[in-house]
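Hi,

Here is the structure I promised to pass on. Have a look at it first, then read my notes below.

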Amino acid sequence: MNLAPIVLPNHFLQERETLAALAARDFNGLFKLLHKQKVSYGVIAAACGLKTERVSLIARGKAHVTHFATVEKIADGLRIPGDLIGLARRPWEEATASPETHKGVDQMKRRQLLQGAVAAGLSGTPINGLASSRNAVDRALERSAGGDLDYWELLIEQYSYGYQGKSPAEVEANLAKDIEELRPLLETPLPVVDRIRLCRIAAQIAGIAAIVLHDRGERSEARKWFLTAGRAAEESGDRSLHAWVLARHAMVPLNFGAPQAAIPFVEQARHLAGTRPTAAAALSAVVAARAHALIGHRDQAFRALHDADRLAARLGSGQRTDTWFGYSEQKRHVHLSHAHTTLGSTHQARASQERALELSSPSGMTRGLLQLDAATCWHREGDTERACRAATATLADLPPGWRTGLTRTRALDLYRSVPPQHHNEPAVRELRDSLAGA
């Protein structure tokens, strides 16, 4: 929610530097001038409905305001009269000025605008004015969106660190706002280099949105977002990113009861990733192992696990980052836990569970999934009562926002694997009741 607009003092609006910045829509200069007046970037951002990081980048010349809607936001948030910035009279001007004052105010604003134009070097004879305008158009056409893209790449990096204590619903709400803000840039003609960067950004943010929807159990929407991410990744020409998207896409059917449908996605991912040791290649291999394990293709599963281990051992530090785009040791063991649990290799599964828990935060979905894998291991070893009690305790310990989607599905898989003749036993009934309330 925006704060109340900032009402800039008249003397500030009438200063030569301010008028020049407004006439040229030089928000880099305007924000710097405001900062000198002790107006913080956070206050400017809140008043204009922008992010503080973006205001800071604009002030430092690392981002630019290129969209008309953003110009209007700034004009309204800072109460800049429309005539000073090349806009029609703003609605709030009509509400705050009496009809009798409009004529005098308009004359004053026209004088101010002319002064600003002179200061910005935009006046002269009509021919010179047209030449200057043409030069301005040329500059606009040639200008890179690099500053805007810097901001979005920074935002993607922040999102890539995962939930960071937030629930999937909270992250989804933030993503919705940011993706809506990204939309105008996607519709803007850009130089080829910038277009490639923008496609990578679109693929990454769409992929993150799909992951969050997947974790919430929104399978259909997750699938659609992964398809969008795949198109953007393909357009970017980044084969590794495209492989990552496909491997993540494969996890939707894999985790929600249709592992056979995951195979085409994961095989295409492995083909795109190739044999180079990248996070995408290692992820593709281990997801393939999980899919084959669930189908019952034990030989293929173990071969894929071998490939995943070989690739993981050769990853550079940049590929082992603990982000959604990296293949960290923790992530590796989370996948291995599920693969070995499914294959019935409970000793190996427990080793991965213990190592992953050492690397995980004490709460969140990762811990819950590992604990549910451990419960399934007890069931596979014949101690169904202990397995069901452990799964019930895991669901109870999870925050409410984490008891749906993937964690609930994993617990439900355990319940469904219990033979019907045991469904009336107290521990099994307790798990069923817990799932009914999740």
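One term before anything else: a residue is called buried when its relative accessible area is under 20%, exposed when that is over 50%, and partly exposed in between (1.4 Å probe, protein chains only). Please keep in mind that this is a predicted model, where local features need pLDDT of at least 70, side-chain atom pairs count only at pLDDT 80 or more, and totals for chains, interfaces and linings use all residues. Residues are numbered from 1 along each chain as its sequence is written, and side-chain values use heavy atoms, with hydrogens and water left out.

Cysteines to begin with. Cys388 has 0% relative accessibility and is therefore buried, and Cys377 is buried with a relative accessible area of 0%. How many disulfides are there? Taking a disulfide as a pair of cysteine sulfur atoms within 2.5 Å, the count is zero.

Cys388 also belongs to a helix worth a look. Helices here are DSSP runs (H or I, at least four residues; strands are E, at least two), numbered from the N terminus. In H21, the buried residues are Thr384, Ala387, Cys388, Ala391, Thr392, Thr394 and Leu395. Which side of H21 are they on? They share the same side, because they cover an arc of only 160° around the axis (the arc is that of the directions from the helix axis to the C-beta atoms). Helix H20 (365-380), helix H22 (406-417) and helix H23 (426-437) are among what covers these buried residues. The length of H21 (residues 384-397) works out too: its 14 residues should span 20 Å at 1.5 Å a residue, and its end C-alpha atoms are 20 Å apart. The expected span is 1.5 Å times one less than the number of residues.

Now the charged pairs. A salt bridge means a side-chain nitrogen of Lys or Arg within 4 Å of a carboxyl oxygen of Asp or Glu, and the count by that rule is 21.

- Asp76 and Arg90 pair up with their closest N and O atoms 2.8 Å apart. This links distant parts of the chain, with Asp76 in helix H6 (residues 68-77) and Arg90 in the loop between H6 and helix H7 (91-96), 14 residues apart. Asp76 is partly exposed at 23% relative accessibility, while Arg90 is buried at 10%. Glu72 joins Asp76 and Arg90 in a network of salt bridges.
- Asp150 and Arg197 meet at 2.9 Å, N to O. Asp150 is in helix H10 (residues 146-160) and Arg197 in helix H12 (residues 192-215), so this pair ties together parts 47 residues apart in sequence.
- Arg332 and Asp309 meet at 3.2 Å, N to O. Arg332 sits in helix H18 and Asp309 in helix H17, so parts 23 residues apart in sequence are tied together.

Between those last two helices, H17 (298-313) and H18 (329-343), there is a loop that holds Thr323. Is Thr323 buried or exposed? Buried, because its relative accessible area is 10%. Leaving aside neighbours within four places in sequence, Thr323 is in contact (heavy atoms within 4.5 Å) with Ser160, Tyr161 and Lys331.

Finally, the nonpolar core, meaning a set of buried Ala, Val, Leu, Ile, Met, Phe, Trp, Tyr and Cys residues joined through side-chain atoms within 4.5 Å. The largest one has 123 residues, and Leu30, Phe31, Leu78 and Ile80 have the most contacts inside it. Beyond its neighbours within four places in sequence, Ile80 has contacts that include Leu8, Leu22, Trp92 and Arg90.

Cheers
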